[in-house]
Every structure is written in C-alpha cells, then in structure tokens.
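Please keep the structure in view while reading.

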Amino acid sequence: MSFERRTHMAGDIRSAHIGQRVVLKGWVDGVRDMGGVMFLDVRDRSGKAQCIVRPQGNATDPSDRTYELARKLRNEFVISVAGVVRERSNKNPKLPTGDIEVEVEKIEILNASEVPPFEVKEDTTANEDLRLKYRYLDLRRPSLQAIIAARHKIVKSIRDYFDERGFYEIETPILMKATPEGARDFLVPSRQHPGSFYALPQSPQLYKQVLMIAGFDRYFQIARCFRDEDLRADRQPEFTQLDVEMSFPDEGMVYDVMENCLARVWSNLGLTLPSPFLQLSYHEAMSRFGTDKPDLRYGLEIQTLTEMVRGKTEFKPFTDVLEKRLGVIGAVVAPGGGAWSRKQLDTLTDLAKVYGASGLIWIKVAAEGCDSSAKKFLSDDLLRDIRSVCGAREGDLILVVSHPKWERAYTILGALRTELAKRLELLKGKEFEFAPAWITNFPMFSENEDGTFTYQHHPFAAPNTHDWARRHEGLGQVRGRVYDIVMNGYELGSGSIRIHERAMQEEVFDLLGHTKEQQEEKFGFILDAFKYGAPPHGGMALGIDRIVMLCCGTDNIRDVIAFPKTTTMQNLMDGSPSVVEARQLAELKIQIAAGITKDMNI
C-alpha cells in the first residue's frame, strides 16, 4: 500500500494553516450527510478536525469518486485525507480546530472497521468490563489519551529533574530472591533449577541499598513492581514507582529533593502545589484526622473528649474505655447534620461498626438544648460541654465514638469523617486542589493480635535513636525514622532513613522473631554487604500511578494505566491469567494439585 505522507496532526490545524494543502491520517470520528455535501471528522491522538467533501469531485480529475467514497465511511474507519485548509463558516468555539475545516481533494480508506461493541466517545455508557475487554477502543477516547500523554510528561519531567541533580538511573533485577515485604510475592519457577523460584520485586529496596554500599551515592529508577494482594480502586498487582536513594542524607534532605520533584511535575502540567509541605507526626495525623493519609482539603477535625468526660458520667461505654490506659473517646461534627433522619443516622452507625465500633452515639444540637441517643445517660451539662469542646453550632450533629484502643478509636472517627465529607459534598469542585503533607515519626513496630510484633513499614528502616535506647521497655514505643508523602487522601509514597549497620539490622530481625538461619537465608547478602563500609543512606518511593491519578483528577487507577487489571486481577483483553499447556508445566517440574481447575478462583 502506498499513500501520501501525513503532513499535520488533525488537532494541530489552526487559522495560520488556511490556504495550505494538508494530509491527515486517523480514524473517522463522525460522518454527516447533509444532502449534497458530506462532513466528516478525522481524529488522531492530537484531537480532531472537520473535513468537508463536495459532490463535484476533483476539478483536475473528473473521474475522481471522492464524494462516493466518503459516503461509504463509518466511524472508526482508518483513512487518509488530503485537502486545503479553509476558514470555517460555522465556527465551533468548543474545539481548538473549530475555526477551520479541510476541503477534501482525496480520500483513501486504509482500513475498514466493523461496528464497535461500544461507541468511542467520552460519555459512553459501556460498562468498565466491556471497555477493558476492548481496551484498544477505549484508549481511543480523548480523555484517556490525554491521561496517557500526561503520564508521559510526568515521567519525563521526573527523569529530567533527577538527572539535573546528579542521580543515576540504574535498573535493578526483575527476577530476584523472595523476601518478605508485607505482601505476597509473585513467584516465577526456574526451569534450570527445578523446585526453585524467583520472585518479582515488590520494590527494589535491597538492591538500592546495595547500590549505596557500592558507592553510587545518588540513585533513582522508574521501577516496575509487583504485589500479589487484593485490589482496590487505587491499587494494581503490577505498578510503577519512582524509586530514590541517597547516601549521607538526613530527613530534611529527602524532604527537599522529593518536594521539589513533585513541584516540578505539577508545574509542568500547569498545576500548583503549596510549599513547603505540611508536616504531621503519625500520632497527630491519627488524632486529628483518623488516618495516616488524611485529606486536608476540608476540616471536620476530630476532637478528643477522653479527659473532659472523665469523672462526669457513669455511662458504661465511656467508663469501660476510661479504665484502659490507651482508651479514647472522640467526636466529629457534621455541620447541618442535626436535620438528618433516623435512617441516615443508622447508616452511620453501621459504618462505625464495620470499622470496629460497638456502637455510635449521636448528639443533635438545637436552640433549646441537645438531644442524644444516650440522653438518659449523659447529663445536660455534659452534653453542653461536649458541644463546646467540639465547637458545634445550632443544627449540627456530633458523632461520638469510644474504644479501648486509641488507634482503632481514631480510625473509626476517620472513616466517619470521610463519609461526612461525601454526604456534605465538601470536595465538590476541588479535584484540582492539592493538599500535600509529610507524615513522620511512625511507630517502627506494630503489635499483632497474639502480642508479637511485626514491622510497620519494612524491617530496614532505622529507629529513632532516643527510642531505640529504650527498646527493651516495649517495642510499641519505638518510633522509626520513617516518613510518608500523602495528598488528598492518598499515600503517594513512603520512605525512611535506613539501617546501615549489621548489628542493628540483625537485632531488628531478632526482635521480629527471625532465626539466624532465616536471616542468613533471606537476607544474607545485605547483611554481608553491611560489613564492608556501608554508608548511612535513605530515600523513598512514590507511586507514579497515584501521581497521575491526582494530576488528572480521576479516582480510578485503571484510568491512568494503558492495560490495567480488574479487581479480580484479570486482563480481560488478553485473557490472563490463563491455563498453560501440560508440556510447559512438565518442563518446570510443576504439578497442579488435584481438583484445581481454571474455573476456580485461586
């Protein structure tokens, strides 16, 4: 097939091109037969341009059948159009190309299209599964193409930023040793070593630490990572992260590098981030917002009532909590919520129970006083005191939660805060407002139900020096030199200053219950590397997918990935995961357990 080269992208034609002959290539986005003249829109990734085809044909070639050919066109045909740019008589101010049109001299059909399973347009009503099955059609929609283009710009600006600051981009292995990092590994069987497996990396954590020991000093990578965990709207089994590590840093150096990186990304997209980022300790974030990734675009801060209530009531849900050293009684206010029905209040109670509450107390503030679901147990004076501490006004609703564990109490209140923001539409019109923050001083360890401890982030984060000296008084009191960047309710990334001494790393493993044999088997190479002059080092990783989500104003991570998985971890387009041939399994010395079939959810 031979045809003229494309001279311009369809979305780039402007009034400055009037009088020029252009050749466009793309897909038919619409055909309109106006009875004597044909209008067709040609679409490519840059946008679309209107073309007009008249019935008299090409004056220099009477045999030209361009008009008849135009009448055969249907949406999604791939065509080549040649013609002269003219000023458009009925201009369309909604289109960048709305001032011009192309008067067609020649059309070539490069490929026909069957009727698509759904219409390729922004307001398609097709469900997501259908669109994911035909992802190549879904990706033709301008909004998704704009997101993918923004993603390209984001990654490029990140690479430029770190290159300018002396960081090397170094690729780390995709096939690596399985190490516990909090989620399940994806395992890859080795044909040459039957019974042995590689793991796909959950992160390049240990390799980037080794690079610091190797003397590279400043490293970054746009890294592909894999975690076999249940999916959410903001999570995929394979994802992309910006991975960064530096030698000889303190937390402030990391903060400066990462804040300026994000400022560059936002600026290159015409967006603005506040600077410097707010800094909140983990405890402050939990006690004010009920989460370690708070959305700071609205208020509704949690009020702690524990000490104010003490000694003022015999209400058992309160007194039981007050007896516990770490018990908390807290509240959050819904402005105007005093008018909500009993059914609306019951749904809030159900939500609180989902997050671990035994119940929910509500207080409605009125001019004549306060009504409450616990009015017979709480005096009028106490209700007035609660109203005063919470700053509630007439017509407001106060939701009160009590729990013997402080983190659980604040988590419940945080869930209620998020739900109230939805009901009150506090985020309406704020998709492109950004409220970033650093969350710092995380607990280094978290306690399991059986009283044992595990790491809060990962076992390679360095402890707070003061807390580490008191570790034998209780691991729950040890804070790590760990920090997260959060924005608009999402965790964008996490990092830490790392342990760089073998003795301390071994002790952390000991405290977590890893035997010496397990330490050597899983982490022997990094422990050995620490013996040969490991510098102090630290860094962090940011989720590229979540950055693109925020910059593009979407809340679904599948919108920002070209070929995403569903929440059941399937690729509907290519049908993966899929059964493989028995021959392939035999080569890998793998046998499928009896009773497992491709139809089972395994």
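## An exposed position and the overall picture

Glu449 has a relative accessible area of 78%, so this residue counts as exposed. Glu449 belongs to the loop between E18 and E19. From the C-alpha of Glu449 to the C-alpha of Ser576 the distance is 37 Å, and the two residues are 127 apart in sequence.

The model is predicted. The protein has 602 residues, and buried residues make up 47% of them. Its secondary structure consists of 17 helices and 22 strands. Taken along the principal axes, the C-alpha atoms fill a box of roughly 100 × 75 × 55 Å. Of the contacts between residues at least 6 apart in sequence, 67% join residues at least 24 apart.

## Two nonpolar cores

In soluble globular proteins, nonpolar side chains tend to be buried together. Here the largest nonpolar core has 44 residues. Phe162, Leu242, Met258 and Trp266 are the residues with the most contacts inside this core. At least two core residues come from each of helix H4 (142-164), strand E9 (218-226), strand E10 (238-247), helix H6 (251-268), strand E20 (482-487), strand E21 (490-497), strand E22 (537-543) and helix H16 (544-552). The element that gives the most is H6, with eight residues.

What does Met258 touch, leaving aside its neighbours within four places in sequence? Met258 is in contact with Phe162, Leu242, Val244, Trp438, Ile485, Met540 and Leu542.

H4 has 23 residues, and the distance from its first C-alpha to its last is 33 Å, close to the 33 Å expected at 1.5 Å a residue. The buried residues of H4 include Leu144, Ile147, Ala150, Arg151, Ile154, Val155, Ser157, Ile158, Tyr161 and Phe162. An α-helix has 3.6 residues a turn, so residues three or four places apart point the same way. The partners that the buried residues of H4 pack against are helix H3 (135-138), E9, E10, H6 and H16. After H4 comes Gly166, which has a positive phi, near 80°.

Helix H15 covers residues 516-529, and its end C-alpha atoms are only 17 Å apart. A straight helix of 14 residues would span 20 Å at 1.5 Å a residue. Where does H15 bend? The bend is at Phe523 and amounts to about 90°. Buried residues in H15 are Gln519, Phe523, Gly524, Ile526, Leu527 and Ala529. Helix H5 (205-213) and helix H14 (502-511) are among the elements that cover them.

## Aromatic rings

The structure holds 18 aromatic pairs. Two of these pairs are set out in the table.

| Pair | Distance between ring centres | Angle between planes | Kind of pair |
|---|---|---|---|
| Tyr282 and Phe442 | 5.2 Å | 40° | tilted |
| Phe460 and Phe523 | 5.6 Å | 75° | edge-to-face |

Tyr282 lies in helix H7 (residues 282-289), while Phe442 is in the loop between strand E17 (436-440) and strand E18 (445-447). This pair links distant parts of the chain, 160 residues apart. Tyr282 counts as buried because its relative accessibility is 6%, and Phe442 counts as buried at 0%.

Why is the pair of Phe460 and Phe523 edge-to-face? The planes of the two rings are at 75°, and planes over 60 degrees apart count as edge-to-face. Phe460 is in the loop between strand E19 (453-455) and helix H13 (465-468) and Phe523 is in helix H15, so this pair ties together parts that are 63 residues apart in sequence. Phe460 is buried, with 1% relative accessibility. Phe523 is buried too, with a relative accessible area of 2%.

Tyr161, Phe162, Phe167 and Phe220 form one aromatic cluster. Tyr161 and Phe162 are also buried residues of H4.

Charged side chains sit over rings as well. Lys364 has its charged end over the ring of Trp362, 5.4 Å from the ring centre. Arg423 has its charged end over the ring of Trp340, 5.5 Å from the ring centre.

Notes:
Residues numbered from 1 in each chain as written. Predicted model: local features only at pLDDT ≥ 70, side-chain atom pairs only at ≥ 80, totals over all residues. Heavy atoms only, no water. Core = buried A, V, L, I, M, F, W, Y, C linked by side-chain atoms within 4.5 Å. Buried < 20%, exposed > 50% of the residue type's maximum accessible area, 1.4 Å probe, protein only. Helix = DSSP H or I, 4+ residues; strand = E, 2+ residues; numbered from the N terminus. Contact = heavy atoms within 4.5 Å. Expected span 1.5 Å × (residues − 1). Bend = angle between axes of the 7 residues up to and from the residue. Phe/Tyr/Trp six-rings, centres within 6.5 Å; stacked < 30°, edge-to-face > 60°. Lys NZ or Arg CZ within 6 Å of the ring centre and 35° of its normal.
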